[in-house]
Amino acid sequence: GTSFMDLIKMVVVPLIFFVLVTGVTGMTNSESFKRVGLKAAFVFLATALVAVLIGIGFGLAFHPGVGVDLSSLIKNAAPAHATHGGEQPGFSFAKVLSIFISDNIVGTMSTNDHLVQVVFFAIIFGMTINSFGTKMQPVKEICQLSAQIFFKMIAVIMTLAPYGVFALLAAMVSSQGAGVLKDLAFLVLTVFSALFAQYVLFGFIMVLFGRMSPWPFYRKMVEIQVVAFSTSSSKATLPTAMRVLQERMGVSKTSTDFILPLAASINMVGISIYLSICSIFIAEACHITLSFPQYLILMLTATIGAIGGAGIPGGSIVMMGMVFNSLGLPLEGIAVILGIDRILDMLRTVLNLSCDCLMTILIDKSEGTFNEKVYNDKSL
């Protein structure tokens, strides 16, 4: 079990770095600077932030980690990295800034600590590459290929997940009894409730911003949701989603071809909710009290997780490592949650694709290219 966790830790830093650099540099082609691209980016960021707030709200309301004791299993439980060195705890803008900016990024990467600083550096690095224009195309391609290499590595590592999770859960159950499984079931229920609340919210968004009935959307999304649930992959569901949006919901081909693939790559609201609740669960189970600055960090990192989370099965695990590390939560907590991740991954993918399609419809309508007659056609 420990070796399995070490393998995940081994690839977390380079994977996060190259994925974020690739994402930043990939958003700067000629299409992305158009009005639709900027509008889409704003909408995706807003929905991710709302999802984080929903996740935090449900986590604080249900307290899924209260009564759970993981301190005996997780040896590295320690006060969160809210401040550096011997600084006194407390909130100040300067201290919040110091959390994100590293004075030695190589040292930060080598110690696998303060991953939020790696995130900040990766974003700055990607923006700097963009400033050179086409001259840096080879560097962009190197980053893209490097990201693919580490995706492959994490995919291979995840084939060991059944054995690693079995070992870690066996140790946890043997030390705490079978009652801990009931606690994990309550965590699943909490996440499901938050995901359902977000799904219901989509209907209100459709009415408020689209001035349309949400029922055709809910009815015609079933085909897409079945594929998303069975594959647990936004990218694998993309062809079905593109076909349904164009043929049955009246979305223009231009919006479908541009916005939907973009959304499937960077808009993972289900991950935002999941990361928020799991962070609160592990913090409560390890008897770590999160401070206000740490909740701000949680909002930021979970939002980044929604944007940077890969649309592949298990992609949330890497982002969970980033969030846990940024909050000072032990990465060993990931192994505890891995035991219930698969079913939640399927549900998250359904929510992700539902949000992607909703945002595509709303943006297409704002551009005046949406066919509302097709959308309301009950025969389709």
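Which side chain makes a polar contact with the side chain of Ser255? Select Ser255 in this predicted model and look for Ser252: the two side chains make a polar contact of 3.3 Å.

**Stop one: around Ser255**

Keep Ser255 selected. Ser255 belongs to helix H12, which covers residues 253–266. With a relative accessible area of 6%, Ser255 is buried, because buried means under 20%. To see what else touches Ser255, leave aside the neighbours within four places in sequence and show Leu260, Thr360, Asp364 and Thr369, which are in contact with Ser255.

**Stop two: aromatic rings**

Next, display the rings of the aromatic residues. The whole structure holds 13 aromatic pairs. Select Phe17 and Phe125. Their ring centres are 5.5 Å apart and their planes meet at 50°, so this pair is tilted. Phe17 is part of helix H1 (residues 2–26) and Phe125 is part of helix H5 (residues 115–131), so the pair ties together parts that lie 108 residues apart in sequence. Is each of these rings on a buried or an exposed residue? Phe17 is buried, at a relative accessible area of 10%, whereas Phe125 is partly exposed at 30%.

Move on to Tyr199 and Tyr218. The centres of their rings are 5.0 Å apart and the planes are at 55°, so this pair is also tilted. Tyr199 sits in helix H8 (residues 179–210) and Tyr218 in helix H9 (residues 215–220), and the two are 19 residues apart. Both tyrosines, Tyr199 and Tyr218, are buried.

**Stop three: a charge over a ring**

Select Tyr274 and Arg348. Here the charged end of Arg348 sits over the ring of Tyr274, at 4.0 Å from the ring centre.

**Stop four: cysteines**

How many disulfides does a search of the whole structure find? The count is 0. A disulfide requires the two sulfur atoms to be within 2.5 Å. Cys355 has a relative accessible area of 0%, so Cys355 is buried. Finish with Cys286, which also counts as buried, at 7% relative accessibility.

Conventions
Residues are numbered from 1 along each chain as its sequence is written. This is a predicted model: local features need pLDDT of at least 70, side-chain atom pairs count only at pLDDT 80 or more; totals for chains, interfaces and linings use all residues. Side-chain values use heavy atoms; hydrogens and water are left out. Buried means under 20% relative accessible area, exposed over 50%, partly exposed in between (1.4 Å probe, protein chains only). Rings of Phe, Tyr and Trp (its six-membered ring) pair if their centres lie within 6.5 Å; planes under 30 degrees apart count as stacked, over 60 as edge-to-face and the rest as tilted. Helices (H or I, at least four residues) and strands (E, at least two) are DSSP runs, numbered from the N terminus. A charge sits over a ring if NZ of Lys or CZ of Arg is within 6 Å of the ring centre and within 35 degrees of the ring normal. A polar contact is a pair of N or O atoms within 3.5 Å; within protein, one must be able to donate a hydrogen and the other to accept it, and residues adjacent in sequence count only if both atoms are side-chain atoms. Contact means heavy atoms within 4.5 Å.
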